[in-house]
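I set out to record what I looked up in this structure, entry by entry.

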Amino acid sequence: QVQFVESGGGLVQPGGSLRLSCAASGSIFTIRSLGWYRQAPGKQREVVARLAMDGNTYYTDSVLGRFTISRDNAKNTVYLQMNSLKPEDTAVYYCKCDIPPGSWGQGTQVTVSS
């Protein structure tokens, strides 16, 4: 079971940028698909971006063109680069294995506010 520890969240103004990191406890080569998710207050978790083993990516429409998911295999780390942040991006962000199914970690808080 590969576990992730999320970091990099914080408070930013609209239009700002953050890079979230997800450090893996095991080799990410075992992962066929992983995703960044977020949960805003009063809402269920939703997928933000997915990265498959073959390099294919998926982004939810609301972040398309602003967010980029990537990995650094040597560092066993997955990233979410977040640009042009909007107040509606405010949420707790999680990194989770989709295939094989993984568990939820603690997440990292992202707050976008002026």
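Entry 1, strand β8. I take a residue as buried when its relative accessible area is under 20%. The model I examined is predicted. By that cut-off, five of the six residues of strand β8 (residues 77–82) are buried, so the strand is largely enclosed by the rest of the structure.

I then looked up the partners of β8. Strand β3 (residues 18–24) is joined to β8 by six bridges, and the two run antiparallel. Within this pairing I located Leu20, which stands opposite Leu80 in β8. Strand β7 (residues 67–72) also pairs with β8 in the antiparallel sense, over six bridges. Here I noted that Ser70 stands opposite Tyr79 in β8. The hairpin of β7 and β8 has four residues between the strands, and in it Asn76 takes a positive phi near 50 degrees.

Entry 2, the sheet of four strands. I read the order of this open sheet as β1-β3-β8-β7, with antiparallel pairing. Its edge strands are β1 (4–7) and β7, each of which pairs on one side only. From one strand to the next, the twist averages 20 degrees. I also checked β1 against β3: they pair in the antiparallel sense over four bridges. Ser7 stands opposite Ser21 in β3.

I found an open sheet with the order β2-β10-β9-β4-β5-β6 and mixed pairing. The edge strands are β2 (10–12) and β6 (57–59), and each pairs on one side only. With direction ignored, neighbouring strands of this sheet are turned by 25 degrees against each other on average. Trp36 has Ala49 in β5 as its bridge partner.

I placed Gly16 in the loop between β2 and β3. Which residues does Gly16 touch, not counting residues up to four places away in sequence? I listed Met82, Asn83, Ser84 and Leu85. I also took the C-alpha to C-alpha distance from Gly16 to Lys86, which is 8.2 Å although the two are 70 residues apart in sequence.

I searched for disulfides, taking sulfur atoms within 2.5 Å as the criterion. The count comes to zero. For Cys97, the closest cysteine sulfur is that of Cys95 at 7.0 Å, which is too far for a bond. Cys97 is buried, with a relative accessible area of 3%. Cys22 has 0% relative accessibility and also counts as buried.

I found Lys96 in strand β9 (residues 91–99). Is Lys96 buried or exposed? I recorded 10% relative accessibility, so Lys96 counts as buried. Leaving aside neighbours within four places in sequence, Lys96 is in contact with Phe4, Leu34, Gly35, Tyr37, Gly102, Ser103 and Trp104.

The largest nonpolar core here has 28 residues. Those with the most contacts inside this core are Phe4, Trp36, Ile69, Leu80 and Tyr93. I listed the elements that give two or more residues to this core as β3, β4, β5, β7, β8, β9 and β10 (108–112).

How many aromatic pairs does the structure hold? I found two. The ring centres of Tyr37 and Trp104 are 5.1 Å apart and their planes stand at 90 degrees, so the pair is edge-to-face. This pair links distant parts of the chain, with Tyr37 in strand β4 and Trp104 in the loop between β9 and β10, 67 residues apart. Tyr37 counts as buried at 8% relative accessibility, whereas Trp104, at 38%, counts as partly exposed.

Tyr94 and Trp104 form an aromatic pair that is edge-to-face, with 5.7 Å centre to centre and 75 degrees between the planes. Tyr94 lies in strand β9 and Trp104 in the loop between β9 and β10, so the pair ties together parts that are ten residues apart in sequence. Tyr94 is buried, with a relative accessible area of 8%.

Key
Residues are numbered from 1 along each chain as its sequence is written. This is a predicted model: local features need pLDDT of at least 70, side-chain atom pairs count only at pLDDT 80 or more; totals for chains, interfaces and linings use all residues. Side-chain values use heavy atoms; hydrogens and water are left out. Buried means under 20% relative accessible area, exposed over 50%, partly exposed in between (1.4 Å probe, protein chains only). Two strands pair if DSSP finds at least two bridges between them. Axes are lines fitted to C-alpha atoms, for helices over the stretch in contact, and angles run from 0 to 180 degrees between N-to-C directions. Contact means heavy atoms within 4.5 Å. A nonpolar core is a set of buried Ala, Val, Leu, Ile, Met, Phe, Trp, Tyr and Cys residues joined through side-chain atoms within 4.5 Å. Rings of Phe, Tyr and Trp (its six-membered ring) pair if their centres lie within 6.5 Å; planes under 30 degrees apart count as stacked, over 60 as edge-to-face and the rest as tilted.
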